[in-house]
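This note is meant for a colleague who is meeting the structure for the first time. Please read the numbered points with the sequence and the model side by side.

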Amino acid sequence: MMDAAEQNMILLTGATGYIGGRLLSALESNGYRIRCLVRCPKNLAHKKSDSVEIIKGDVFDPGSLYKAMENVSVAFYLVHSMTSPGDFESKDRIAAQNFGEAALQAGVKRIVYLGGLGDSEDLLSTHLKSRHEVGRILRQCGVPVIELRASIVIGSGSLSFEMIRALVERLPVMITPRWVSVSAQPISITDVLYFLESSINLSINDSRVFEIGGRDVVSYKEIMQEYARQRGLKRLMIPVPVLTPYLSSLWLGLITPLFARIGRNMIDSIRHTTVVNDASSNDVFGIQPQGVSEAISAALCNEDHEIAQTSWFDSLSSSGYWTKVETEQYGNRIIDSRSYKVNAPASIVFQAIEQIGGDRGWYYGNWLWKIRGWMDLFAGGVGMRRGRRDPHHVHIGDAIDWWRVEQIEESKILRLKAEMKVPGRAWIQFEVRPDQDGSIISQTAIFDPLGLWGLLYWYALYPVHCFVFAGMIRNIAKWAENQ
């Protein structure tokens, strides 16, 4: 068996997502040469190194796939469209077909795919059916495929864990629908990464499906109870016989970082039992997976450091809105720009700007930002529940509440693109430049209105914008001057 350094290139898709981002770090630390296929290379630019190559491409663009797979021995397929708007099953079908055909043509020796647990004989949710279908399409392409099927992934920043954490932390009394009692076999992110990386050198020549899970079979209710126990919280759970997936998703959208569309797809899946029926994967891979208690403890340890390595909302598709807006036609651009003299160095001023959002807030009118966030949630948007992963620093592609970091230049520029529900495109940009006896902040709000509704939206909120934007730049300057 070859050492990692002797391996040919590893192709990684989904590197901007939760599991893909963790896997990238693990592979790099173990000496693999990795090529990351991403739609927006700048969002992963901070990960580029001697062993990590970033290449622009898309699973819906076969030409870009052929180029990305040159000299690749193993390709990780960690892509799915559940959080994207529209018919995600058709998108997943097309993407898998493109990926499989490109891998065969490029001479890739193995595809590793992470899918979802669920008995194929049962009436599965649309999401789980799609996960299984993607595995079948990849296996039919002619390249050997290792498909790993997992249930709930427990780790700081994972979608399932963040939902559980938010519910337990915020609700001392919970009205619980029937789906919280359905059996599952959660697995820790550490064990998932072990299975994925071990699949590179696994001594099999044909395609195989492996069911992977943790040591315990539990329900969501039991997971929440264990989380509450470890956090020292007393929580009362009151079961109700009827709470539809639609109503449950709206409830989750208000209480947790999930918004309604993702919640519906997720609940539709967790209403079905997802347990391991064939545990042979543990012997084949030589592992004894962690139990629920250990997995939660490890996730909390990471959470207590405030900075999760990656989060489910790091994926650009988590916004559910960003792809659509690029294809629309926009009218005249509206710009609101203002400057402020600061008696502080540019580096200190930029510290204040870089820490904006999340727990710190927006420096002025936070109650207005929260009202706008609730309005966005009711409209099916992301609201302000995502917060931010790191309270002090950001990278291109990071989520900050309902914004996404589009550009950052240390001590100079931070530009955020809005992912809220809005009739147009919106950005806010901060620029800092040195000046005699201090520096100058330029704060610019940019809006491309979509038709008449976009213009009405902007001018209806114009007095509020003036109030908030003026206070924000003033308080950023005060913060910097007080340091």
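1. With which residue does arginine 415 form a salt bridge? The partner is glutamate 406, and the closest N and O atoms are 2.9 Å apart. A salt bridge here is a side-chain nitrogen of Lys or Arg within 4 Å of a carboxyl oxygen of Asp or Glu. Arginine 415 is buried, with a relative accessible area of 19%, and glutamate 406 is buried as well, at 18%. Buried means under 20% relative accessible area, exposed over 50%, and partly exposed in between (1.4 Å probe, protein chains only).

2. The model is predicted: local features need pLDDT of at least 70, and side-chain atom pairs count only at pLDDT 80 or more, while totals for chains, interfaces and linings use all residues. Residues are numbered from 1 along each chain as its sequence is written, and side-chain values use heavy atoms, with hydrogens and water left out.

3. The structure holds 12 salt bridges. One of them links arginine 215 to glutamate 294, with the closest N and O atoms 2.6 Å apart. Arginine 215 lies in the loop between strand E11 (208-211) and strand E12 (218-219), and glutamate 294 lies in helix H11 (residues 292-304), so the pair ties together parts that are 79 residues apart in sequence. Helices (H or I, at least four residues) and strands (E, at least two) are DSSP runs, numbered from the N terminus. Arginine 215 is exposed, with a relative accessible area of 52%, whereas glutamate 294 is partly exposed at 39%. In a further salt bridge, the side chains of arginine 338 and aspartate 336 meet at 2.8 Å, N to O; aspartate 336 counts as buried, at 6% relative accessibility.

4. The next point concerns strand E1. How many of the residues of strand E1 (residues 9-13) are buried? The count is 5 of the 5, so the strand is largely enclosed by the rest of the structure. Met9, Leu11 and Thr13 are buried on one side of E1, and Ile10 and Leu12 are buried on the other, so that both faces are covered. As a general rule, side chains in a regular strand alternate between the two faces of the sheet.

5. E1 has neighbouring strands on record here in E2 and E4. Two strands pair if DSSP finds at least two bridges between them. E1 and strand E4 (residues 72-77) pair in the parallel sense over 4 bridges, and 4 bridges also join E1 to strand E2 (residues 34-38), again running parallel. Leucine 12 stands opposite phenylalanine 76 in E4 and opposite cysteine 36 in E2. Together, E1, helix H1 (residues 18-29) and E2 make a right-handed β-α-β unit; right-handed means that, with the strands pointing away from the viewer, the path from the first strand over the helix to the second runs clockwise.

6. Two helices may be checked for length. The expected span of a helix is 1.5 Å times one less than its number of residues. Helix H7 (residues 220-231) has 12 residues and should span 16 Å, which agrees with the 16 Å between its end C-alpha atoms. Helix H14 (residues 366-378), with 13 residues, reaches 19 Å from its first C-alpha to its last, close to the expected 18 Å. The buried residues of H7 include Tyr220, Ile223 and Tyr227, and those of H14 include Leu368, Trp369 and Arg372. H7 is followed by glycine 232, whose phi is positive, near 70°; just after H14, glycine 380 takes a positive phi of about 90°.

7. Positive phi values also occur in residues other than glycine. Tyrosine 363 has a phi near 70° and is found in the loop between helix H13 (346-354) and H14; at 13% relative accessibility, tyrosine 363 counts as buried. Aspartate 437, with a positive phi of about 65°, lies in the loop between strand E18 (424-435) and strand E19 (438-449). Aspartate 437 is exposed, with a relative accessible area of 64%.
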